[in-house]
Amino acid sequence: MSSQKQQTSFWNGFRATLVIIIAFVLSVLLLNISGRSSSTVEAQVPMPQKESNVCSALIQKDFTAISNAPTAIFSATVVPATAQTPEYCDVKGYVTPQVQFELQLPTQNWNRRYLQVGCGGYCGSLRASPESTAALNQNFAVAFDNSGHVGGGIGAASALWGLDQPQLRMDFGYRSEHVTALAAKAIATAFYGNSPNYSYFQGCSNGGRQALMEAQRYPNDFNGIIAGAPAAIQAPLNGEYETWNARANLDAQGNPILPSDKLALIHQAAIANCDGKDGLVDEQITDPRVCTFKPESLRCSGNSNAATCLTTAEIGVVNKIYGGAVERQGRLLYPGSQTIGSELGWAGSSIGRDGMAPFAAEISNSYLKYLAFPKSPPASFSYKDWQFTAEGFDRLRPLGKVYNATNPNLKAFRDRGGKLLLYHGWADPAIPPQGTLAYYQAVQNTMGGFAQVQSFARLFMLPGVYHCQGGTGPSRVDYLTPIVTWVEQSKAPTQLIATQTTADGKSGGFSNPTERATGSNAKIVRTRPIFPYPMQARYSGKGSIDDAANFVGVAPSQTPNDSINWIGNDLFKPR
């Protein structure tokens, strides 16, 4: 019996010990499970709360080691969502020395795409554009910058910041967009833990020049690039062409000759002469190069100077603007001029109004005084002192290498899969469309011909459209969706749809692209398809002429050669 009691006692003790051990093991397991459950719950905290912390923490991160783009962040704050715009982390910072940027990072549902938007005029400030806002609303990470300097004056027409400043000139010329891309992508990667799958650039005017500069100098920065009305041939454009237009309307005493209120008269006569040559009377000129309008048809009789006619001096002004900048032997100093049909856009651009100098004078004066030469001219110099000579053109060449985006060799961009969408308005009063056509022709000459270029670069010409926006033709176009589809799905754009509303400037007048409206709820009055150049939209003969569905694309019998013989032909040589 004693032995049985001992065995019973042993097993009772063993069981008790076993229970204690099992309980201990279970408690450890429960603690581990509990710990893992807590981590899972923490990871499922709504993204805005977590991302708010990540956003504010960006300012503590060190981005000074970004290669070729040492970066510092000024601020990083969460901006609440609105009815249209998602909540985003708003980051402001700079790349040394003065390339200030703003980066907007959606805190939820980022689409793994990055869009950088260029800046118009001489820039000098941070300003969200309709393009950047639209992309942010689609959950793109977006960024824009000041082109490497502070201060552009009213309408970004002043370049005083460039007075004998080589670094700031270089940043404006080509460096600012590259280093902004490097900084923005590094910050986005730190914020999301992932880098963008695709990167895009969109710009018009100077922003279009920046777009082409990216494709030419930094082909690895962006997968898709949208270049609108590019100021690509910048030294001749701002130094010669804008100077010519600014002075075309001045008499010997410096007084204006042609009043802006006569531009409607000239435009109406031009339309009467040319509208219908494309097969449709619609107050829109499809290709102004077929027009034969001469302002002499409006000559006043005798010595009269009525509102319904032009004086001999006024006719001279119109012919100077149509003819373009030339030197003494008649050679073009810029490959383009104002087109027939653009006359309403001259108001404010080439022809001053309301007692103000035209925009061309402001752009020209700033370029020649502060950007054009290694050593700037004296403060007393103005655009009125410039001489239109071959020698003067050559003086613009050295620093033109900093600003011109004219290299047609896009092989590196093409070979890494890049896509380029170019567009230009046929009635652009600020940057002649022929320059873009000439550059596109140079690309074809360099890259194997039209068919080969179409595989990665397409040009769209918009009838009646002014500088980046507005005009007598439909000018509102979604360029971002087609470039994304082309890059990510390999579907090249075969047509774009342009829209015109009651808010668009059909009555004319130049609108500074740096002062663009953010949008409009105005009624749509016309839509038109825009086909890859040189195709044109042709009315089918049925239905409303204001409905894009009633038009088809028609190609010319042969691909045109858009080379232009001018004094700067060598600027289009591949490098």
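**Helix H15 and what follows**

In helix H15 (residues 480-489), the residues Leu480, Pro482, Ile483, Val484, Trp486 and Val487 are buried. Buried stands for under 20% relative accessible area, exposed for over 50%, and partly exposed for what lies in between, with a 1.4 Å probe and protein chains only. Helices (H or I, at least four residues) and strands (E, at least two) are DSSP runs, numbered from the N terminus. The model is predicted: local features need pLDDT of at least 70, side-chain atom pairs count only at pLDDT 80 or more, and totals for chains, interfaces and linings use all residues. Residues are numbered from 1 along each chain as its sequence is written, and side-chain values use heavy atoms, with hydrogens and water left out.

- Serine 490 follows H15 and has a positive phi, near 60 degrees.

**Disulfides**

- A disulfide is a covalent bond between the sulfur atoms of two cysteines.
- Here a disulfide is counted when a pair of cysteine sulfur atoms lies within 2.5 Å.
- The structure has five disulfides.
- With bonded cysteines counted along the chain, the disulfides follow the pattern 1-2, 3-4, 5-10, 6-7, 8-9.
- One of the disulfides is formed by cysteine 55 and cysteine 89, with their sulfur atoms 2.1 Å apart.
- The link of cysteine 55 and cysteine 89 is right-handed, with 80 degrees about the S-S bond.
- Cysteine 55 is in helix H2 (residues 47-57) and cysteine 89 in strand S2 (residues 88-95), so this pair ties together parts that are 34 residues apart in sequence.
- Cysteine 55 and cysteine 89 are both buried.
- Cysteine 119 and cysteine 123 also form a disulfide, and their sulfur atoms are 2.0 Å apart.
- There are 90 degrees about the S-S bond of cysteine 119 and cysteine 123, and the link is right-handed.
- Cysteine 119 and cysteine 123 are buried.
- Cysteine 300 is joined to cysteine 309 by a disulfide, S to S 1.9 Å.
- The link of cysteine 300 and cysteine 309 has 95 degrees about the S-S bond and is right-handed.
- Cysteine 300 counts as buried at 7% relative accessibility, and cysteine 309 is buried with a relative accessible area of 10%.

**Helices H6 and H9**

- Two packed helices are described by the angle between their axes and the distance between the axes.
- Helix H6 (residues 234-248) packs with helix H9 (residues 359-371) at an angle of about 135 degrees, and their axes are 8 Å apart.
- That angle makes H6 oblique to H9.
- Angles under 35 degrees count as roughly parallel, over 145 as roughly antiparallel, 65 to 115 as roughly perpendicular and the rest as oblique.
- Axes are lines fitted to C-alpha atoms, for helices over the stretch in contact, and angles run from 0 to 180 degrees between N-to-C directions.
- Residues of H6 that meet H9 include Ala235, Asn238, Gly239 and Glu242, and those of H9 that meet H6 include Ala360, Ile363 and Tyr367.
- The residues of the contact of H6 with H9 are seven nonpolar, five polar and one charged.
- Ala, Val, Leu, Ile, Met, Phe, Trp, Tyr, Cys and Pro count as nonpolar, Asp, Glu, Lys and Arg as charged, and the others, Gly among them, as polar.

**Glutamine 444**

- Glutamine 444 is part of helix H13 (residues 433-447).
- Glutamine 444 is buried, with a relative accessible area of 8%.
- Leaving out residues up to four places away in sequence, glutamine 444 touches Gly449, Phe450, Val453 and Thr559, where contact means heavy atoms within 4.5 Å.
- Glutamine 444 and glutamine 454 are ten residues apart in sequence and 9.0 Å apart in space, C-alpha to C-alpha.
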